[in-house]
Amino acid sequence: MQAIRSLGADLLGISPELPDNTLTMAEKHAIPIDILSDATSEVMKKYRLWFAVPAEVKALYLEKFGLNLEKYNDAGRWELPVPATYVLDRDGIVRAGEADPDYTVRMEPSDIVAAIREITGG
Amino acid sequence: MSLKKQLAEFDASRNRPPEVVAILRRGIDSTRESGAAGLRIGERAPDFTLPNQRGEMVSLHDRLSRGPVVLNFYRGVW
């Protein structure tokens with residue numbers, strides 16, 4: 001994250017969760033990046049990342065993992081984004097990125113830094 | 001070690017029962033088949049304005065006027 005910042009790039013995190021109401025304002029100010037709340041799923045849909053959690057996965061989350069997404073996302077919102085990372089140049093063009101429904105696969109931080117360097121010539 | 005390798009090792013270390021792994025695997029496959037493939041390289045990212053953790057509105061367009069932006073879509077804090 002510091003590497004991203006030091007190259008002059010900004011980092012925005014986006015999740016379907018409602019804004020956190022368990023943190024104090026001081027704690028919120030201490031978070032060094034912007035955590036954005038896509039509470040209507042509009043942005044996930046625009047980015048073609050939105051999906052409804054399949055019924056058997058929902059049952060597994062509730063019964064085996066004790067995880068109720070409604071606690072985080074609001075009533076009835078069993079919907080999530082495909083985990084994704086995009087590196088945008090100043091024109092908003094996607095210069096690098098990865099999106100994979102397998103949430104155990106993520107874009108390598110070194111690839112993110114390399115893509116920013118290519119944009120900034122740094 | 002790469003992040004991919006670390007995540008794979010972590011996932012394996014959880015030793016989930018085969019029936020749980022099978023459900024999660026089918027969920028991933030059905031999401032893949034739904035066509036939620038995200039943006040393509042070279043495509044313009046749609047603009048948006050969303051509230052941050054302090055309730056301040058953040059617009060992608062504003063942030064891009066300052067420099068490159070890395071967007072990270074994640075499922076949640078759980």
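Two strands pair if DSSP finds at least two bridges between them. The views below show a predicted model.

**View 1. An open sheet is formed by strands of chains A and B.** Its 5 strands follow the order β2(A)-β1(A)-β3(B)-β5(A)-β6(A), and the pairing is mixed. At the edges lie β2 (34-37) and β6 (94-99) of chain A, each of which pairs on one side only. From one strand to the next, the twist averages 15 degrees.

**View 2. Strand β5(A) is joined to β3(B).** The two strands run antiparallel and are connected by 5 bridges. Within this pairing, A:Leu88 stands opposite B:Val69 of β3(B). Strands of a sheet pair through backbone hydrogen bonds, in either a parallel or an antiparallel manner.

**View 3. Strand β5 of chain A, residues 84-88, is joined to β6(A).** Here 5 bridges link the strands, which run antiparallel. A:Val87 has A:Ala96 in β6(A) as its bridge partner.

**View 4. Helix α6 of chain A lies across strands of both chains.** The helix, residues 109-120, lies across β5 and β6 of chain A together with β3 (69-73) of chain B. Relative to β6(A), helix α6(A) runs at about 165 degrees.

**View 5. Chain B is in contact with chain A.** The contact involves 51 residues of chain B and 65 residues of chain A. On the side of chain B that touches chain A, at least two residues each are supplied by α1 (3-13), α2 (18-33), β1 (49-51), α3 (60-64) and β3 of chain B. The largest share, 9 residues, comes from α2(B). By class, this side of chain B has 27 nonpolar, 13 polar and 11 charged residues.

Conventions. Residues are numbered from 1 along each chain as its sequence is written. Chains are lettered from A and ligands numbered from 1 in the order in which they are written. This is a predicted model: local features need pLDDT of at least 70, side-chain atom pairs count only at pLDDT 80 or more; totals for chains, interfaces and linings use all residues. Helices (H or I, at least four residues) and strands (E, at least two) are DSSP runs, numbered from the N terminus. Axes are lines fitted to C-alpha atoms, for helices over the stretch in contact, and angles run from 0 to 180 degrees between N-to-C directions. Two residues are in contact if their C-beta atoms, placed from the backbone, lie within 7 Å. Ala, Val, Leu, Ile, Met, Phe, Trp, Tyr, Cys and Pro count as nonpolar, Asp, Glu, Lys and Arg as charged, and the others, Gly among them, as polar.
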